[in-house]
Amino acid sequence: MAIFIDQEKCNSCGKCVEICPEDVLWLEDGPAWARYPKECWHCGSCVYDCPTGAIEVDLELDVSIRYVEF
Amino acid sequence: MNDFTVKKHAADVLIIGGGIAGLAAAIRAREHGAEVIVLEKSHAERSGNAGSGIDHIQSYVPGIHEKVGYHPEDMIEEDYGWGGNPGLKRKDLIELFVRNSGQDVIELASYGLKFHFEDGLFLFPGGLRLIAQFHYLPTSYHFEGRDIKRALTNRALELGANIINRSHVRQLLKNGEAVTGAVALGVREAVITVVNAKTTILATSGRASRLTASVTGSDSFEWYSAPSAANGSGKTLAARAGAEVVNLEFSSLASSYNLLNYSFSVGLPSGSWWPAGRVIDEDGNVIVERNQGVAFDDPDYRDKYRQRVEHYSEQRNRIAPLLEQGKTLYFDLAEATDEELNYIWWCLGHEGKTGVLKHHLEKRGVDLRKAKFPLRPGPRREAVPSGVWVRDATTETSVANLYATGNELILGGGGTALVTGYATGIAAAERAKQLGAPADVSAPFVAALRREAESILGQKDGDGWQNGERALQTLLDNYLGKPYNDRVLTQLAQLVARLRGDLRLGAGNLHELNRALEVLDLYDLAELVVAAARERKSSLGPFIRTDEDRYPREKDGVSVGVYRQDGEIRTTRLDNGCP
């Protein structure tokens with residue numbers, strides 16, 4: 001899962017739902033939620049635009065960055 | 001069953017697509033007195049390839065470039081010869097970009113985007129940060145572009161443009177020989193929107209990444225280097241309206257190598273990692289050195305910089321062959337100073353989705369100086385670096401009152417999108433002044449869209465759009481880039497047709513319905529790609545070329561144009577002005 005929405009911090013303002021370019025996020029009764037998480041392309045727009053800092057987007061494991069140290 | 005409501009609008013200029021180019025066109029068309037409507041499939045504040053930002057934008061920079069003896073003509077020749085700005089691959093359009101870019105790009109500063117810095121890092125006169133890209137002089141600004149889409153949206157709205165978001169254009173309206181607007185389906189509301197317009201601009205995405213599948217095997221959208229909206233629908237709309245689409249028979253490489261498992265190299269080892277990025281092998285031998293700039297006040301700036309670029313390119317070109325030979329290579333930032341690391345973090349925070357990469361790395365406390373990131377070899381073929389043909393620098397297509405702009409002309413970055421968008425906005429607004437309001441011919445188009453939508457929604461046990469998309473991607477991946485002959489191409493056409501014949505897309509709601517319609521456009525586009533390759537057979541090498549210079553270099557002065565007439569695909573040859 002790439003998108004984490006803090007249920008306490010979300011004030012259901014709907015900004016993330018309004019701007020999500022992939023139509024991933026939804027708002028019904030209560031906090032925003034990711035209805036189509038597999039269609040998230042990790043652009044980060046919802047993180048930038050959330051007025052309460054309630055959203056975190058991280059890279060999913062299958063596309064996360066790998067590294068070694070030597 | 002959804003009951004679709006029809007809403008009708010009238011405009012002087014209709015713009016399809018609210019990316020950088022579409023919004024730039026809206027701004028200039030309003031400034032030239034036109035009533036403007038933008039139809040945007042997503043939401044203009046965060047849609048398109050620049051949705052969550054760009055950290056750089058290309059331009060000729062008069063005050064700086066002139067001083068070191070680099071003239072607009074030099075940049076035009078470089079852009080054209082380099083081949084890195086495909087699309088139509090036409091010198092008249094590249095010239096349009098270069099000549100207007102100086103004033104157009106810096107105008108963004110007046111929209112509230114920060115272009116001038118005082119921190120002493122990589123500064124040119126005026127506090128500008130010019131960075132290495134693909135030219136013999138730095139021609140890109142680094143700037144705070146994370147919110148460029150919001151800035152352009154706000155400017156367009158201030159000027160009175162009407163932006164209709166979540167509205168997915170399905171067909172151009174055509175009356176006789178002229179385009180007179182478009183019909184669109186709501187993504188979130190059961191609304192069919194009709195816009196009758198004097199002139200119509202396609203400001204749609206250039207590449208169609210979704211024709212080919214993920215090399216990571218990931219089934220998430222993340223692997224795309226462009227948002228899913230980049231499905232080539234501008235090309236299918238144009239072709240259906242009878243406007244030629246060219247260069248469909250070529251593919252570009254999205255990149256020659258990526259970071260494991262991430263989908264995006266961000267110009268590695270330069271780009272957003274400049275100047276400290278290097279490439280090393282498993283023993284720590286340096287394959288690509290870091291690429292530092294030259295002091296601007298150096299009297300030999302131009303020559304020194306040119307030598308540096310050549311040296312760097314030479315090293316960089318070694319990466320892909322070494323990976324192909326089975327060498328293990330790593331991206332490395334071991335030599336970065338603290339200041340440079342801060343600068344790189346700043347870039348990542350403005351360059352679109354690398355803001356999430358930044359968060360990912362920070363959250364895990366990754367020390368960029370210690371971490372070595374394995375490179376994953378390409379190539380990943382990405383069809384297609386094509387564009388919608390325009391007559392001349394007015395950017396009008398061969399179909400009356402239909403214009404194309406942005407990535408449909410030059411597959412560059414934010415700079416080419418902005419500058420061509422502005423120019424097309426002016427041309428379309430001025431043309432609209434000569435035209436009366438078009439007749440409303442939308443009835444049959446609306447009826448067809450309603451039928452199409454209801455049919456897919458009625459297909460409860462139908463194929464999911466994801467399955468339809470993957471079936472096509474697997475098929476094309478098996479063929480793109482291979483040497484072809486007539487027989488193979490005929491067989492490929494058969495395969496695409498059979499697959500399409502078997503496709504029974506179903507959808508449970510409007511979201512899925514719109515995804516299904518995107519997939520139908522991918523099939524439409526695949527048919528055009530195959531037709532273009534069949535037409536091209538006599539002149540060039542392998543279908544979907546994958547040669548070193550990545551992009552088509554027309555040798556014969558001819559572009560193959562593909563369009564539809566009464567639903568049938570037709571091909572034609574167009575003089576592209578190449579020597």
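Modeller: A salt bridge joins the side chains of Arg391(B) and Glu396(B), at 4.0 Å from N to O; the term denotes a side-chain nitrogen of Lys or Arg within 4 Å of a carboxyl oxygen of Asp or Glu. Arg391(B) counts as partly exposed because its relative accessibility is 48%, whereas Glu396(B), with a relative accessible area of 13%, is buried. Here buried means under 20% relative accessible area, exposed means over 50%, and partly exposed lies in between, for a 1.4 Å probe and protein chains only.

This is a predicted model, in which local features need pLDDT of at least 70 and side-chain atom pairs count only at pLDDT 80 or more, while totals for chains, interfaces and linings use all residues. Residues are numbered from 1 along each chain as its sequence is written, chains are lettered from A and ligands numbered from 1 in the order in which they are written, and side-chain values use heavy atoms, with hydrogens and water left out.

Over all chains, the structure holds 54 salt bridges. One of them is formed by Lys8(B) and Asp440(B), whose closest N and O atoms are 2.6 Å apart. This pair links distant parts of the chain, 432 residues apart: Lys8(B) is in strand S1 (residues 5–16) of chain B, and Asp440(B) is in the loop between helix H11 (414–433) and helix H12 (443–458) of chain B. Helices (H or I, at least four residues) and strands (E, at least two) are DSSP runs, numbered from the N terminus. Lys8(B) is partly exposed at 49% relative accessibility, and Asp440(B) is partly exposed at 39%.

At 1.5 Å a residue, H11(B) should span 28 Å, and its end C-alpha atoms are 29 Å apart, which agrees; the expected span is 1.5 Å times one less than the number of residues.

A further salt bridge connects Arg240(B) with Asp521(B), with the closest N and O atoms 3.3 Å apart. Arg240(B) belongs to helix H6 (residues 233–240) of chain B and Asp521(B) to helix H15 (residues 510–536) of chain B, so the pair ties together parts that are 281 residues apart in sequence. Arg240(B) is partly exposed, at 24%, while Asp521(B) is buried, at 0% relative accessibility.

Let us turn to the meeting of the two chains. In chain B, 54 residues are in contact (heavy atoms within 4.5 Å) with 36 residues of chain A. The area buried between the chains is about 3,900 Å², of which carbon and sulfur atoms give 53%; buried area is the accessible area (1.4 Å probe) that two parts lose on being put together, summed over both. Arg46(B), Val356(B) and His511(B) lose the most area on the chain B side, together 15% of what that side buries.

Nine salt bridges are counted between chain B and chain A. Arg364(B) forms a salt bridge with Asp58(A), the closest N and O atoms being 2.9 Å apart. Strand S14 (278–281), helix H10 (354–363), strand S17 (371–377) and H15 of chain B each supply at least two residues of the side that touches chain A. H10(B) gives the most to this side, with seven residues. Arg46(B) also belongs to a network of salt bridges whose members include Lys15(A), Glu18(A) and Arg150(B).
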